[in-house]
Each structure stands twice: as C-alpha cells, then as structure tokens.
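Please take a moment to look over the sequence and the model shown below.

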Amino acid sequence: MNQPLIVTATRKAGTRVSMAVGAVVVLVLLALPLLSLLPDGHALQVSAYTLTLVGKILCYAIVALALDLVWGYAGLLSLGHGLFFALGGYAMGMYLMRQAAGDGLPGFMTFLSWSELPWYWAGTQHFAWALCLVVLAPGLLALVFGFFAFRSRIKGVYFSIMTQALTFAGMLLFFRNETGFGGNNGFTNFRTILGFDITAQGTRAALFLLTVGLLLGSLFLCWRLTQSKFGRLLTAVRDAENRLMFCGYDPRGFKLLVWVLSAVLCGLAGALYVPQVGIINPSEMSPTNSIEAAVWVALGGRGTLIGPLLGAGLVNGMKSWFTVAFPEFWLFFLGALFILVTLYLPKGVVGLVKKRSQP
Amino acid sequence: MRSVPPVHPEFMLEPIFDQIGSGREAIGLGRRREAGLDTRHGTVLSLEGISVSFDGFKALNDLNLYIGVGELRCIIGPNGAGKTTMMDVITGKTRPDSGTAYFGDTLDLTRMSECQIAQAGIGRKFQKPTVFEALTVFENLELALKADKSVWASLVARLSGEQRQRIEEVLATLRLLPLAQRQAGLLSHGQKQFLEIGMLLVQEPRLLLLDEPVAGMTDAETEFTAELFRSLAGHHSLMVVEHDMGFVGSIADHVTVLHQGSVLAQGSLAQVQEDERVVEVYLGR
C-alpha cells in the first residue's frame with residue numbers, strides 16, 4: 001500500500017519542481033528584453049548579440065515543437081520542416097524588402113534590371129497581407145503535399161525522403177535569380193518594420209517578446225491538442241494505423257490537420273526569425289537544417305512537449321559555443337551526439353530525467 | 001446495452017419494437033441510422049462470385065458465402081485457403097477482381113473505404129492482436145467507442161457519463177476493469193486479445209469478423225471466450241476464423257470449409273467432419 005503513495009508523492013514533487021523551473025525560465029525570458037533596454041555600460045545590460053542569439057534559439061524551439069507534434073505524436077518524420085520555416089521567413093522578408101525599398105523596386109531586382117515587380121509580390125507592401133502569406137505559403141504547400149502523400153498512404157522512411165526532396169527542390173528553386181527572391185543572397189539590409197527602425201533596441205525587445213509569446217502560445221496549443229481525444233488519436237495513428245481505420249476513423253484527416261498546423265507554426269517561427277537575424281537566404285532550406293531540427297527533437301525527447309524545447313536550446317547553445325571554440329569539429333560533434341542519443345537515450349534528455357526521478 | 005432485435009424475414013410486416021428508433025418512426029422521422037441496416041432478406045452479408053488474384057495466384061476463386069442475421073459462423077480451412085483474404089475483401093482492404101459483396105441488402109462493400117465499412121457496422125479483429133500500445137486500456141476503448149469519428153468532433157470530444165459507463169460495462173464483462181488504467185502495451189497476449197474484442201464491442205457493429213480470436217489464450221480464457229461469443233450471437237452476427245476445432249465445436253451453429261479460395265463444404269461441424277472431401281483436404285490422401 002505504501003509504495004504507490006510514495007511513487008505518487010515523488011511524481012507530484014517532480015511536477016512541482018519542473019513547474020518551478022519552467023516558471024523561472026519564462027521569467028528570465030521576459031526579463032531579457034527589458035534588461036537589454038538598460039543604458040550602455042550598465043552592469044545588468046544584455047547585449048544586442050545575446051538577445052538576438054536567444055531570440056533565434058527560441059524560433060528554433062518553436063520549429064522543434066512543431067516537428068515533435070508530427071514526429072513524436074503522429075509518427076511522421078519530416079526531414080523538410082526547414083522549408084516551411086524558410087517560406088514563413090521569405091514572406092516576412094518580402095514585406096521588409098518593400099519597406100526598405102520605399103516606392104522603388106527591391107535592390108536585387110534593379111540589379112537584375114527588372115522594371116516591375118513579379119505578380120506574386122503584389123500587396124506585399126502591406127503588413128497584413130505579408131502576415132497572411134506567412135500563414136498561407138507554408139500552410140497551402142503542406143496541405144497540397146500532405147493531401148497527396150496521405151492519400152497515397154506514403155509512410156515511414158518514404159515519407160521522410162519525400163519531405164527532404166521537397167525542401168531540396170525548394171532550395172534549388174530559390175537559388176535561381178529568376179525566381180524573384182534574390183537568388184543565393186536572399187533578402188537582407190532590412191531597415192524598418194511597421195515604421196520602426198529594425199535595429200533599434202526597442203524593436204528588438206518587442207520582437208523578442210513576440211517570439212516568447214508565440215512559443216508559449218504554441219506550447220499551450222500543443223498541450224491542449226495532445227491532452228484531447230485528438231492527441232490520443234495521433235498516437236494511435238503512429239502505433240496502429242490499420243486498427244484505427246477498422247475502428248471507423250479516416251486517418252488522412254487527422255494527419256493532414258496536424259501536418260498543416262505544424263507547417264504553419266514553422267512559418268510563424270520563420271517570420272519572427274527573419275527580422276531578428278536580419279537575413280534570409282535559400283540555405284535555410286538546405287536538408288541539413290531540417291535534419292538538425294530532427295536531432296533537437298530526438299535529443300530532447302520525442303513525444304514530450306518540453307523535450308524538443310530543451311533539445312533545441314541545448315544543441316543551439318552548444319553550437320554557438322563550439323563554432324567559436326572549435327569551428328571545424330561542430331558537425332562531427334553533432335553527428336556523434338545524434339548517434340549517442342539514438343543508442344543510449346531513446347527517450348532523450350527528458351526520458352533520462354524521468355528515469356532518475358522514478359527509481 | 002443497446003440491442004436491436006433480429007428481423008425475421010418470415011414476418012416482414014411484424015412491427016419492430018426497438019427502444020431507440022420507434023418513437024422517431026411513429027412521428028414520421030424514419031428510423032435511426034443505427035438500426036438502419038437493411039436486412040429484410042435475413043442476410044447480413046452476401047458474397048457472390050468473389051475472385052481475387054495476386055500475381056496470377058488465385059486467393060479467392062468464385063466464392064459464394066451468406067451470413068444470416070444473428071448467426072455465428074465459423075470458417076475453417078487449411079493454410080492458404082483464402083480466409084484472411086476474404087476478410088480483407090469484406091473490410092475493404094482488398095478489392096475483388098470480380099463478384100459482389102453486400103452488407104445487408106443495400107451497402108456495396110466493394111465501393112466503400114475501410115473506415116466507411118467500419119462505420120457502417122463491420123468490426124474486425126486481426127490475427128495478431130493489435131491495440132494502441134501507448135494508450136491505457138480505457139483510452140483504447142474510448143477511441144473505439146461508437147461516436148462521431150470526424151476530425152472536428154475528435155477535437156472537442158468529451159466522454160459523457162453514459163459513454164464512460166458503457167466502457168466500464170464492457171471492461172467488466174471482459175474482466176479487464178482492474179487493468180483499466182494500465183498501458184495496453186504492458187498487457188499479456190491473452191489480455192490484448194480480450195482488449196481487442198472489447199474494442200469491437202464498444203464499436204457496436206452488426207457483424208464481427210474475428211481472425212483466430214483464441215490464439216495464445218489459456219484453456220480457461222478460451223472457454224470464457226466461447227461463452228462470450230455465444231452470448232453475442234443473436235444481437236450481432238459473428239464470423240470466426242479459427243483452427244482450434246474444440247473451440248469451433250463449442251460455439252458454431254454452422255461451419256464453412258474454405259479450400260483453394262472457394263467453399264468446399266458447409267453445415268454443422270459433425271456433418272462437415274464426415275465429408276470425405278474435407279477429410280482429404282485436411283489429412284491429404
């Protein structure tokens with residue numbers, strides 16, 4: 001009789017500790033942008049570099065969360081989520097380029113001696129339309145791709161390969177100058193967003209806070225989803241899709257919804273990434289980026305919501321240190337990390353922590 | 001437990017007293033869909049002239065089979081006789097090359113998808129017990145429970161007290177109630193078999209297809225399953241594929257022997273066992 005009581009007690013204490021840690025992390029994240037507004041030379045001032053770095057990692061964390069939703073819960077390993085991220089980024093970048101160019105054409109177009117904007121640039125000077133594009137571009141692409149892939153019952157490794165081919169194709173397309181997205185230079189030299197100077201500390205702080213808001217919002221949304229019957233159906237799709245069909249569910253609809261939702265979350269993350277980092281180019285679509293996102297999720301712990309956030313934070317934190325200290329060895333280290341996690345930590349860091357707390 | 005009385009083909013004009021639909025019918029709303037399967041001719045399933053071939057191999061060859069309303073039919077036959085392929089055809093997993101398959105008198109199974117067929121009221125248990133291993137026993141039944149199974153309904157679904165009660169009732173029947181909160185992946189083989197049968201029951205199908213339901217069960221469990229199936233017959237129609245002759249003998253009204261993709265013999269188990277062709281197929285010359 002005593003044992004279960006003890007187990008529940010430690011579990012409760014465990015949740016209490018993790019809640020406390022979570023609250024501290026959120027408070028720190030909210031404090032960072034405020035501290036960055038302190039005057040130069042103040043002891044507590046957070047530099048623009050740190051703020052941008054953390055903001056970038058937060059955007060990646062949203063991607064990790066979105067990827068975990070489709071991989072950890074619905075069992076669809078996407079190796080092309082970088083494409084959706086980049087599409088959201090490009091949609092925001094179009095607006096920023098129009099802002100920077102004023103009434104004229106964006107710089108790279110005059111360089112190509114184009115005389116007018118391509119049709120798909122229409123309306124991008126309006127922030128509201130750019131926001132719609134941020135959602136629509138990745139959302140519609142995911143909808144069309146998902147519709148055909150799920151209708152043809154493409155699963156497992158074939159699905160992963162197709163997503164990777166998709167992002168690779170996207171990268172090649174965006175590398176071309178004729179596509180009208182700045183070729184291999186992409187978009188950069190942004191000046192203002194909604195009339196505010198994009199490099200001003202206030203703007204940076206606001207963008208950072210928006211990113212924290214989006215992260216918390218997506219976390220809440222994913223949490224609600226996974227706690228609902230819909231979430232249980234996703235794990236059912238992952239574990240026994242046939243059984244689910246013979247229970248009378250059409251798995252295609254469930255997969256499609258979660259797939260599109262995941263793509264849209266990535267798009268939103270990309271849209272917040274671009275103004276903070278100040279550049280978007282086709283290398284964001286390279287398959288290695290998407291694979292790296294899968295490493296974040298695997299390292300943190302698939303099928304948990306906190307795991308991918310931890311994974312994205314840990315790997316990117318290490319990356320920014322490593323690429324300064326031993327720039328040549330980063331990729332070897334990343335590969336070794338992935339192998340070690342797959343072999344020894346199938347449930348990721350979160351699994352390790354859980355194991356420790358329940359002897 | 002909702003029950004639909006069997007329709008007697010001989011008394012087609014007999015009023016049907018069904019607890020859920022009669023009031024609606026009286027005021028001209030028609031019967032509810034649950035009771036709407038048209039079985040006026042007394043058959044719940046009719047397979048006629050079904051042929052299926054895989055790369056030239058004829059898995060089913062001009063198969064004719066009828067299952068009556070409320071009947072418990074056992075299908076036996078040597079390996080490769082086409083038993084599982086027949087189930088695949090009925091559940092929409094495999095499309096026949098020729099022939100017709102009707103559920104009731106009106107639903108053409110060859111034109112419906114797997115999930116439409118399941119929603120129309122055919123439940124299937126796989127040969128290898130297949131449950132949602134990451135979920136608890138209770139959650140497994142929650143997903144299988146008869147309800148609106150669209151995406152939007154699943155986003156907002158909450159279990160009503162009645163539904164919860166229904167799940168607990170089935171768990172109690174299957175003696176799984178103490179394990180309700182256990183993860184399904186941790187169950188024993190026999191318990192998984194029962195869980196899968198429970199998932200069929202809460203789906204409230206008119207026809208249950210059971211592929212080797214007692215494989216891997218202890219004698220006591222087998223006996224319990226036989227009792228359970230006998231109590232289900234009448235309200236539901238059952239089609240059981242099984243190799244265990246003792247089990248077949250203890251439950252079946254009728255036995256159908258399949259051989260090389262078509263029906264070799266039909267009748268009671270004793271009749272079938274005396275049939276010389278059946279003996280030949282099973283024992284060789």
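Asp62(B) has its place in strand β2 (residues 57–68) of chain B, where helices (H or I, at least four residues) and strands (E, at least two) are DSSP runs numbered from the N terminus. The model is a predicted one, in which local features need pLDDT of at least 70 and side-chain atom pairs count only at pLDDT 80 or more, whereas totals for chains, interfaces and linings use all residues. Residues are numbered from 1 along each chain as its sequence is written, while chains are lettered from A and ligands numbered from 1 in the order in which they are written.

Although Asp62(B) is not a glycine, its phi is positive, at about 50°. Asp62(B) counts as partly exposed, with 14 C-beta neighbours inside 10 Å; a residue is buried if 20 or more other C-beta atoms, placed from the backbone, lie within 10 Å of its own, exposed if 12 or fewer, and partly exposed in between. Gln260(B), a residue other than glycine, likewise has a positive phi, near 50°, and lies in the loop between β9 and β10 of chain B. With 15 C-beta neighbours inside 10 Å, Gln260(B) counts as partly exposed.

Chain B has 11 helices and 10 strands, and buried residues make up 42% of its 285 residues. An open sheet of 6 strands in this chain runs in the order β6-β7-β8-β3-β9-β10, with mixed pairing, two strands being counted as paired if DSSP finds at least two bridges between them. Because β6 (122–125) and β10 (262–267) of chain B stand at the edges with a single partner strand each, one side of each is left without a neighbour in the sheet. Within the sheet, β3 (residues 72–76) and β8 (residues 237–241) of chain B pair in the parallel sense over 4 bridges, and Leu72(B) has Leu238(B) as its bridge partner in β8(B). Helix α2 (residues 83–90) of chain B packs on this sheet, touching β3, β6, β7 (207–211), β8 and β9 (254–259) of chain B. The direction of this helix makes about 150° with that of β7(B), where axes are lines fitted to C-alpha atoms, for helices over the stretch in contact, and angles run from 0 to 180 degrees between N-to-C directions.

In the largest nonpolar core, which has 169 residues, Ala269(A) is one of those that touch the most other members; such a core is a set of buried Ala, Val, Leu, Ile, Met, Phe, Trp, Tyr and Cys residues joined through C-beta atoms within 7 Å. Helix α2 (residues 48–73) of chain A gives the largest share of this core, 17 residues.

Where do the two chains meet? In all, 20 residues of chain A are in contact with 22 residues of chain B, a contact requiring C-beta atoms, placed from the backbone, within 7 Å. On the side of chain A that touches chain B, the elements giving two or more residues are α8 (229–239), α9 (241–246) and α10 (251–277) of chain A, and α8(A) gives the most, with 7 residues. Since 9 of the 11 residues of α8(A) are buried, this helix is largely enclosed by the rest of the structure. The buried residues of α8(A), among them Phe230(A) and Arg232(A), pack against α2, α7 (201–227), α9 and α10 of chain A together with α4 (137–144) and α5 (151–156) of chain B.

Technical notes
Contact = placed C-beta atoms within 7 Å.
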